[in-house]
Amino acid sequence: MSLFITIILLSGCSAGVIHGLVNLALVEPYLDKAIGIENQHMFASGEAKDTSQFWAEYYSYRAWQKGGQLLAGAILGTAIGALFGIVFGYAKNILPGNSFAKKALALAAIMWITLYLIPFAKYPANPPTVGDPETILLRQMLYVSFIAISGFGALGFYQVFRRLKSKRFVAVLGYAGFIATVFVVMPQNPDAITAPADLVNGFRAVSLVGVSAFWLSVGLIFGVLWQKLQPDRVKQARFQ
Amino acid sequence: MSFSKEITIAKSSVPKVALLVLATIFAFGIFEVGFDQGQLFSIVFGEQAYADLYIHELTHDMRHAAGFPCH
């Protein structure tokens, strides 16, 4: 069991660090630009003054936030890796693929689509400067609810898929219809976007690349480790 | 004659203790990176943690990059 947990946590943590590194390379320039706009707003409103002391504090504060990319990546990756491991443990026999490595990649693709890509299409990531602090609770509730509905919906249709002897694509179509309905019914993000469109769109594109790199990495690392170590392999005494 | 042989058990399940450990790690990690607004450090630092927002600032960039609503 400890090997089972170790593989799960190690692959999640490693994929999370990769996610953090991709973010440092691709996402940080957009974050700097967005926070730069926030600073200009603060100077204009008188909330802060454009002084050397401000910039000294700002750079130290940004260094703390940027350093956090890797640590937060490791924590988030370990957490999502734990969920990935649980689902893999229950679903490994029905996942497509003739090896555990391929099965892990298939599961990563399914979880990437249901837990990330579809929620992202409804509630895309936003850089700083976008987002009214007054609506944070509502936005968090909408985002988490959508992910939970999509995830549990996929789980429900997986049960249908498992029970069907033929025409299993009906379960996939069922999930597609279900999530399309939820997509239309759920309220929009209430905040107006006032930041420049190229900044917001560019940020969303690199954010998508970063999270996708995570899911690809977790599928690959977990699959290779599981294939190599097979934690569910046990010794049995045979008499002949 | 007896010998030991390794076989693969293809049982689709997760041991209960592992499930509990992994589910706890999942919930804790998601909360800390996606949602903590001082709650964790308030256990030690009290109300001041909600003003300092150390975890929020530490996870700020990843929070945005991973798609969580931040502020």
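Which elements of chain A and chain B each supply at least two residues of the lining of the largest pocket? In this predicted model, they are α1 (2-45), α2 (52-91), α3, α4, α5 and α6 (197-229) of chain A, together with α1 (16-34) of chain B. The largest pocket holds about 1,500 Å³ of space, and a search of the whole structure also finds one cavity of 30 Å³ or more.

**Chain A**

- Chain A has six helices and one strand, and from the N terminus on its elements run α-α-α-α-α-α-β.
- Along the principal axes, the C-alpha atoms of chain A fill a box of roughly 85 × 40 × 25 Å.
- Chain A has 240 residues, and 44% of them count as buried.
- Among the contacts in chain A with a separation of 6 or more, 80% are between residues 24 or more positions apart.

**Chain B**

- The secondary structure of chain B consists of four helices and one strand.
- The order of these elements from the N terminus is β-α-α-α-α.
- Chain B has 71 residues, of which buried residues make up 44%.
- Of the contacts in chain B between residues at least 6 apart in sequence, 30% join residues at least 24 apart.

**Packing of α3 and α5 in chain A**

- Helix α3 (residues 100-122) of chain A packs against helix α5 (residues 169-185) of chain A at an angle of about 35 degrees, and the two axes are 11 Å apart.
- The crossing of α3(A) with α5(A) is right-handed.
- On the α3(A) side the contact is made by A:Thr114, A:Ile118, A:Ala121 and A:Lys122, and on the α5(A) side by A:Tyr175, A:Ile179 and A:Phe183.
- By class, the residues of this contact are five nonpolar, one polar and one charged.

**Largest pocket**

- The space in the largest pocket comes to about 1,500 Å³.
- The pocket is lined by 48 residues, and the closest to its centre are A:Met111, A:Thr114, A:Leu115, A:Gly151 and A:Ala154.
- A:Thr114 is also one of the residues through which α3(A) makes its contact with α5(A).
- Helix α4(A) gives the largest share of the lining, 13 residues.
- The lining divides into 39 nonpolar, eight polar and one charged residues.

**Second largest pocket**

- The second largest pocket has a volume of about 520 Å³.
- Its lining has 19 residues, and those nearest the centre are A:Glu38, A:Asn39, A:Met42, A:Tyr61 and B:Glu57.
- Two or more lining residues come from each of α1 and α2 of chain A and α4 (54-65) of chain B.
- The lining of the second largest pocket comprises eight nonpolar, seven polar and four charged residues.

- The largest cavity has a volume of about 150 Å³.
- Of its 16 lining residues, A:Pro124, A:Asn126, A:Arg139, A:Asn189 and B:Pro69 are the closest to the centre.
- Helix α4 (residues 136-163) of chain A supplies the largest share of the lining, three residues.
- The lining of the largest cavity has nine nonpolar, six polar and one charged residues.

**A:Gln140**

- A:Gln140 lies in helix α4 of chain A.
- A:Gln140 counts as buried because its relative accessible area is 10%, under the 20% cut-off.
- Leaving out residues up to four places away in sequence, A:Gln140 touches B:Gly34, B:Phe35 and B:Pro69.
- B:Pro69 is also among the residues closest to the centre of the largest cavity.

**A:Leu9**

- A:Leu9 is part of helix α1 of chain A.
- A:Leu9 is partly exposed, because its relative accessible area is 21% and the buried class requires a value under 20%.
- From C-alpha to C-alpha, A:Leu9 and A:Ala82 are 6.3 Å apart in space, while 73 residues apart in sequence.
- Not counting residues up to four places away in sequence, A:Leu9 touches A:Thr78 in chain A, and B:Leu22 and B:Ile25 in chain B.

Conventions. Residues numbered from 1 in each chain as written. Chains lettered and ligands numbered in written order. Predicted model: local features only at pLDDT ≥ 70, side-chain atom pairs only at ≥ 80, totals over all residues. Heavy atoms only, no water. Axes fitted to C-alpha atoms, helices over the stretch in contact; angles between N-to-C directions. Left-handed = near helix turned anticlockwise from the far one by under 90°. Contact = heavy atoms within 4.5 Å. Nonpolar A, V, L, I, M, F, W, Y, C, P; charged D, E, K, R; others polar. 1 Å grid on protein atoms, 1.4 Å probe; cavity = no way out; pocket = protein on both sides within 12 Å on 5 of 7 lines; lining within 4 Å. Points joined across faces, edges and corners; volume = space filled by probe spheres on them. Buried < 20%, exposed > 50% of the residue type's maximum accessible area, 1.4 Å probe, protein only.
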